Amino acid sequence: MTQRHHRLLWVVVLFGPAFLVRVIGLGDQSLWYDEGYAVMLARQDALAIAQHTARYDLNTPLHGILIRYWLQLAGESEFAARALSAFASTITVALVARLAGRWGRWAGLILALWPVDVWLGRDARMYALLAMSCTASVALMQEGLRNGKPLTWSAWAIAALAAFGTHVLAAPMVGGQALLIFGRAGRDPARRAGALVGAVTLAIVAGVSAWLLFGIVAYGVSYRDTPEPSALLIQALAAQAL
């Protein structure tokens with residue numbers, strides 16, 4: 001078997017199961033509460049989505065805006081609402097395979113069938129998109145540190161900001177990557193260009209985070225009327241850890 005055929009075989013082995021387990025029966029179950037909330041929010045215009053997400057979810061709005069335009073093209077069926085996550089989750093499998101080096105194919109195959117990742121890929125919320133953009137930013141940072149090309153750094157910034165734009169909890173990851181890029185800058189002009197891009201990216205993340213923090217002070221947390229806020233906080237932390 002030639003090297004080309006060997007690679008093609010691995011593509012089939014990785015993407016076939018990854019895609020199939022995410023799309024088979026994707027529309028069989030009704031949307032659960034959070035999915036229904038995402039679809040309801042997507043019926044508003046982009047500015048309203050951004051305002052609502054910032055004020056009531058204390059979060060960033062990229063997923064809500066993307067799914068708004070996605071549903072306009074694909075319709076509002078259960079399958080359509082979840083399909084964007086299925087595609088994003090399948091792409092994450094490829095990115096992990098790329099990142100894992102010599103063990104990449106096996107790492108990708110494990111992730112392709114990993115129950116938690118499969119579940120995220122069958123859910124209409126933002127978490128599959130978050131995983132994809134986070135993984136893409138790591139892969140692009142690795143490539144940027146290797147080749148130092150401004151185009152690679154620009155792509156990294158897009159992926160990092162997409163991760164933060166999808167969920168505010170990506171901020172520590174983006175900040176950590178920016179600090180790592182600063183540390184590797186040295187006197188290399190190409191790496192200094194990367195540090196500049198990292199600085200701009202970090203400034204945007206810090207600015208939006210400060211704005212959301214102001215929202216917490218000005219409006220209070222969105223669930224302030226919940227009878228048991230401590231239980232809700234524990235539940236939310238457990239969900240984010242998962």
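Author: Let us begin with a definition: a salt bridge is a side-chain nitrogen of Lys or Arg within 4 Å of a carboxyl oxygen of Asp or Glu. This is a predicted model, in which local features need pLDDT of at least 70 and side-chain atom pairs count only at pLDDT 80 or more, while totals for chains, interfaces and linings use all residues. Residues are numbered from 1 along each chain as its sequence is written, and side-chain values use heavy atoms, with hydrogens and water left out.

Reader: How many salt bridges does a search of the whole structure find?

Author: Side chains of opposite charge can pair when their charged atoms come close. Here the search finds five salt bridges. One of them joins E143 to R146, with the closest N and O atoms 2.2 Å apart. Both residues lie in helix α8, three residues apart, about one turn of the helix. Helices here are DSSP runs (H or I, at least four residues), numbered from the N terminus.

Reader: Which other residue forms a salt bridge with E143?

Author: R98 does, the closest N and O atoms being 3.4 Å apart. This pair links distant parts of the chain, since E143 is in helix α8 (residues 127–147) and R98 is in helix α5, 45 residues apart. Through shared partners, R98, E143 and R146 form one network of salt bridges.

Reader: Where does the salt bridge between E35 and R82 lie?

Author: The closest N and O atoms of E35 and R82 are 2.8 Å apart. E35 lies in helix α2 (residues 33–42) and R82 in helix α5 (residues 78–99), so the pair ties together parts that are 47 residues apart in sequence. Both E35 and R82 are buried.

Reader: Which residues make the nonpolar surface patch?

Author: Patches are made of residues with over 30% relative accessible area and no salt bridge; like charges are joined within 9 Å, and nonpolar side chains (Val, Leu, Ile, Met, Phe, Trp, Tyr) within 5 Å. Accessible areas come from the Shrake-Rupley method with a 1.4 Å probe, and for residues only the protein chains shown count as cover. W32, Y33 and W119 make a nonpolar patch of about 420 Å². W32 is in the loop between α1 (3–23) and α2, and is partly exposed at 40% relative accessible area.

How values were computed:
Helix = DSSP H or I, 4+ residues; strand = E, 2+ residues; numbered from the N terminus. Buried < 20%, exposed > 50% of the residue type's maximum accessible area, 1.4 Å probe, protein only.
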